[in-house]
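Here is a brisk report on a single protein chain. Keep the sequence and the model in view while reading.

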Amino acid sequence: HEPFRQELVLRAGEKRTIPVKMTPLNGTLKLGVRSSTGLTWATVYVDGTHIGTTPIVGAKLTAGKHSVRLENPSLGSKEIVLDIKPNAENRHSISLD
């Protein structure tokens with residue numbers, strides 16, 4: 001999450017509740033596929049949500065682990081887990097062989 005900073009001055013014995021909105025950090029995904037057949041495309045799902053067809057460029061994802069499913073009718077499907085690093089372009093080339 002993004003850093004949160006707030007200055008607070010309390011008197012002895014004083015209590016306060018401070019609302020804090022936690023903002024997740026994001027990274028971007030650049031994803032391609034390869035295969036020995038020469039087919040270089042797949043339909044891509046991240047955490048069960050369709051995000052497009054490869055190549056995927058600049059898909060914004062929250063930092064952390066995500067389940068990625070790649071589907072191509074001729075090559076089948078493949079599921080992997082990607083760990084998205086914050087504030088970075090996360091590049092992956094996945095083999096469907």
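## Around Thr43

Thr43 touches His50, Gly52, Thr53, Arg69, Leu70 and Glu71, leaving out residues up to four places away in sequence. Contact here means heavy atoms within 4.5 Å. Thr43 sits in strand β2, residues 43-46. Strands (E, at least two residues) and helices (H or I, at least four) are DSSP runs, numbered from the N terminus. Thr43 is buried, at 17% relative accessible area. Buried means under 20% relative accessible area, exposed means over 50%, and partly exposed lies in between (1.4 Å probe, protein chains only).

## Basis of the model

This is a predicted model: local features need pLDDT of at least 70, side-chain atom pairs count only at pLDDT 80 or more, and totals for chains, interfaces and linings use all residues. Residues are numbered from 1 along each chain as its sequence is written, and side-chain values use heavy atoms, with hydrogens and water left out.

## Overall form

The chain has seven strands and zero helices. Read from the N terminus, its elements run β-β-β-β-β-β-β. The C-alpha trace spans about 70 × 20 × 15 Å along its principal axes. The radius of gyration is 20 Å, while a compact globule of 97 residues would have one near 13 Å. That radius is taken over C-alpha atoms, and the globule rule is 2.2 Å times the number of residues to the power 0.38.

Buried residues make up 28% of the 97 residues. The accessible surface of the chain comes to about 6,800 Å², and 50% of it belongs to carbon and sulfur atoms. Accessible areas come from the Shrake-Rupley method with a 1.4 Å probe; for residues, only the protein chains shown count as cover. Take the contacts in the chain with a separation of 6 or more: residues 24 or more positions apart account for 52% of them.

## The nonpolar core

The largest nonpolar core has 16 residues. Such a core is a set of buried Ala, Val, Leu, Ile, Met, Phe, Trp, Tyr and Cys residues joined through side-chain atoms within 4.5 Å. Leu29, Leu31, Val44, Val68 and Leu70 have the most contacts inside the core. At least two core residues come from each of β1, β2, β4 (56-62), β5 (64-72) and β6 (76-84).

Leu70 also touches Thr43. Its other partners include Leu31, Val33, Ala42, Val44, Ile94 and Leu96, again leaving out residues up to four places away in sequence. Gly76, Ser77 and Lys78 are among the residues that Leu70 touches as well.

## A nonpolar surface patch

Phe4, Leu8, Leu10, Ile18, Val20 and Met22 make a nonpolar surface patch of about 510 Å². Patches are made of residues with over 30% relative accessible area and no salt bridge: like charges are joined within 9 Å, nonpolar side chains (Val, Leu, Ile, Met, Phe, Trp, Tyr) within 5 Å. Phe4 lies in the segment before β1 (26-34). Phe4 is partly exposed, at 46% relative accessible area.

## Salt bridges

Side chains of opposite charge can pair when their charged atoms come close. The whole structure holds four salt bridges. The cut-off is a side-chain nitrogen of Lys or Arg within 4 Å of a carboxyl oxygen of Asp or Glu. One of them joins Arg69 and Glu71 at 2.7 Å, N to O. Arg69 is partly exposed at 24% relative accessibility, and Glu71 is partly exposed at 28%. Thr43 touches both residues of this pair.

Glu89 and Arg91 form another bridge, at 2.6 Å, N to O. Glu89 is partly exposed at 39%, whereas Arg91 is exposed at 60%. Arg16 bridges to Glu14 at 3.3 Å, N to O. Glu14 is partly exposed, with 27% relative accessible area.

## Backbone details in the loops

Which form does the peptide bond from Thr54 to Pro55 take, cis or trans? The bond is cis, with omega near 5°. Pro55 lies in the loop between β3 (49-53) and β4.

Asp47 is not a glycine, yet its phi is positive, near 50°. Asp47 sits in the loop between β2 and β3 and is partly exposed at 45% relative accessibility. Asn87 is no glycine either, and its phi is about 55°. Asn87 is in the loop between β6 and β7 (89-95). Asn87 counts as exposed, at 64% relative accessibility.
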